[in-house]
Amino acid sequence: MKKVFRTLKPYFVGEKLVFLIGILSLILVDSFQLFIPRVIKRGVDELSLGRATTSLMLKLGFFIMLLTVGIIIMRFLWRYLIIGISRRMERRLRQAFYKHLLTLSPGWYADYKVGNLMALATNDLDAVRMMVGIGIVATFDSGFLMITSLAMMILINPLLTLYVIIPLPILSIIVGYFGKILHRRFKLVQESFASLTDRVRETISGIQVVKNYARQDFETERFKGMSTDYVSKNIKMIIVGGMFDPLIGLVIGFSFALVLMWGGKNVILASMSMGDFVAFNSYLGILIWPMIAVGWVINLYQRGKASLDRITEVFEQEPDIADSPDAIEISDIAGRIEFKNLTFRYKPDLPDILTDINFKIEPGEFVGITGRTGSGKTTLISLIPHLHDTPTETIFIDDIDICKTKLASLRSQIGLVPQDSFLFSTTLLENIKFGNFDIDDEKALQAATVAQLDKDVRDFPDGYDTVIGERGVMLSGGQKQRLSIARAIILDPPILILDDALSAVDTETEEAILEKLQEIRKGKTTIIISHRISALQTTQKIIVLENGKIIEMGNHNELLTRKGYYSELYTMQQIQSELNSENEHI
Ligand code: ATP
Ligand code: MG
């Protein structure tokens, strides 16, 4: 318990006074509630002794009304205050959780399912909130009510109290035991539902593939199996849930029967007044809730703690690339890049992907990288913004080891257009401005023009305000690529890297984009990865990778004379384009 509250303490700051007022209102509600049976007792006693007057009854009735109004106001107050605290705590915790998730590196996400993270951010956070909100309230409420109502009952008749409370602990046990089973089955239901929705989501996102392979019937059958499973798990839960209420009713019924038998006898023997008998029944009614609450609160607490442990586990994950304490801020860099004897693998137990990489790119150079698929091009450039962890003293930006720079500042200097860029389901304009929403629309349009996207957009129904659908489904492959290029160049970063970002556009458009790029990137370092000679030949330096090693380096003409991979690629693409143009003539 202590550990739980130590973990959650930071999320409760500034709530002390609200909490105290809330608990005070709760105790007032309970006290008013305990007072009502005393008023009824007075009335019944006066009635049974024949001393009652209508004005006394009126007064007593009015008093009960007053107490009830007090209860309603105070109950509203404590709920508003204490549930409010738990909701605010949940918000702070969720915020911190999300913030933490965004610090973790892409490598960590490869091992963690999105569904699990969603469950943590929803179900588990709910369980923690229930523990601290309702859990605390129920603990105070039931503790106070249990002690006071028992005291009142003992005051009326100690022996009778002893008899009737014997079955009551059974209530706590039933609630605790059944609650546990119920929760276990409820979790199975939830898991089943999660896999059902996951399936639907994936099938619908991949609807093209499903249709192309004519797998509708197969998917329908599979879905049928999963929904049957969901229903049967629900029924298993209903069986336990259905037994729960009748059992509770049985125990409560027993207690009241005992009061009627023993208490009734006492009244007949005149050792107990009629009023006491009625009041005793009312106190027993009040006592039932705390007895139920004991089992309930224990479950709430166990569930909340288990959820909190799961959340804490993620909180304890440290990003594998983090700023060292003496990391330095870099800005307005010239754009020099140097790799020194770099050998890299993704994980210790995986083979080397890059070996012995050495090269230098001077500020303002236009550099091409090429090589067979899988040769390590994407891996190489992803190391420049430090997306994966590398040994120290291997990669330098403006002669500073990237391991010694602040990550955010390093990345702010580099624009990277990945091979398969992610687009958000908002408008074109918002996608272009993703890197900085403060940028003028004017600049966004310029970037779109450089990326040769502008003429396509003119045909869209809402122009730049067109919503492009989930992951940009409404755009063609080439349009997506050009949008990603516009997103990167709008920031005008000192280093710009295009990872095969023109593969889906035709050579003419590619040429137009490259020409514009050369113009706007004058004096700034630009790296272009491509399989096409047409994109590489105008660059000042070309790096050729093979199996993670640099096998050739030089400008277009130098590499042609070397008669290696590059010149082979050139010859092949020459033949290809000649064939194409001959076909056009036929
Ligand atoms: P392409 O031209 O097809 O884009 P590439 O030259 O960009 O290829 P990389 O993506 O750098 O090649 O991949 C190089 C090697 O690294 C491949 O063998 C690939 O399987 C491996 N690899 C890539 N990403 C990871 C990763 N996250 N974890 C482990 N291995 C990876
Ligand atoms: Mg690649």
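Helices here are DSSP runs of H or I, at least four residues long, numbered from the N terminus. By that count, Ala119 sits in helix 5, residues 114-132. The model is predicted.

- Gly374 approaches through its backbone: one of its polar backbone atoms is 2.8 Å from an oxygen atom of ligand 1.
- His531 uses its side chain, where an N or O atom lies 3.3 Å from an oxygen atom of ligand 1.
- Tyr346 faces a nitrogen atom of ligand 1, with a polar side-chain atom at 3.3 Å.
- On its own, ligand 1 has 640 Å² of accessible area, and the protein covers 61% of that.

**The largest nonpolar core**

- This core has 34 residues.
- The residues with the most contacts inside the core are Leu428, Ile432, Leu483, Ile485, Leu498 and Leu517.
- Five elements each supply at least two core residues: helix 14 (428-432), helix 15 (441-450), helix 17 (477-489), strand 7 (495-499) and helix 18 (507-520).
- Helix 17 gives the largest share, five residues.
- Two domains take part: domain 2 (332-413 + 495-586) and domain 3 (421-492) each contribute at least three residues to this core.

- Met153 belongs to helix 6, residues 134-156.
- Met153 counts as buried because its relative accessibility is 0%, and the cut-off for buried is under 20%.
- The C-alpha atom of Met153 is 9.6 Å from that of Ser282, although the two residues are 129 apart along the chain.
- Ala119, in helix 5, has 27% relative accessibility and so counts as partly exposed.
- Between Ala119 and Gln190 the C-alpha distance is 9.8 Å, across a sequence separation of 71 residues.
- Arg310 lies in helix 11.
- With a relative accessibility of 34%, Arg310 is therefore classed as partly exposed.
- Ile550 is part of strand 10, residues 549-554.
- Ile550 is partly exposed because its relative accessibility is 22%, which falls between the limits of 20% and 50%.
- Thr355 is 195 residues from Ile550 along the chain, yet their C-alpha atoms are separated by 8.4 Å.

**A buried charged residue in a loop**

- Glu15 occupies the loop between helix 1 (2-8) and helix 2 (16-48).
- Is Glu15 buried or exposed? Glu15 has 4% relative accessibility, so this residue counts as buried.
- What does the side chain of Glu15 contact? A polar contact of 3.2 Å joins the Glu15 side chain to the side chain of Arg92.

- Most residues other than glycine have a negative phi.
- Asp332 is found in the loop between helix 11 (274-315) and strand 1 (337-344).
- At 71% relative accessibility, Asp332 counts as exposed, because the cut-off for exposed is over 50%.
- Asp399 also has a positive phi, near 65°.
- The loop that holds Asp399 runs between strand 4 (395-397) and strand 5 (400-401).

Key
Residues numbered from 1 in each chain as written. Chains lettered and ligands numbered in written order. Predicted model: local features only at pLDDT ≥ 70, side-chain atom pairs only at ≥ 80, totals over all residues. Heavy atoms only, no water. Polar contact = N/O pair within 3.5 Å; in protein donor to acceptor, adjacent residues only side chain to side chain. Areas by Shrake-Rupley, 256 points an atom, 1.4 Å probe, with all protein chains shown as cover. Core = buried A, V, L, I, M, F, W, Y, C linked by side-chain atoms within 4.5 Å. Buried < 20%, exposed > 50% of the residue type's maximum accessible area, 1.4 Å probe, protein only. Domains from an automatic or database assignment.
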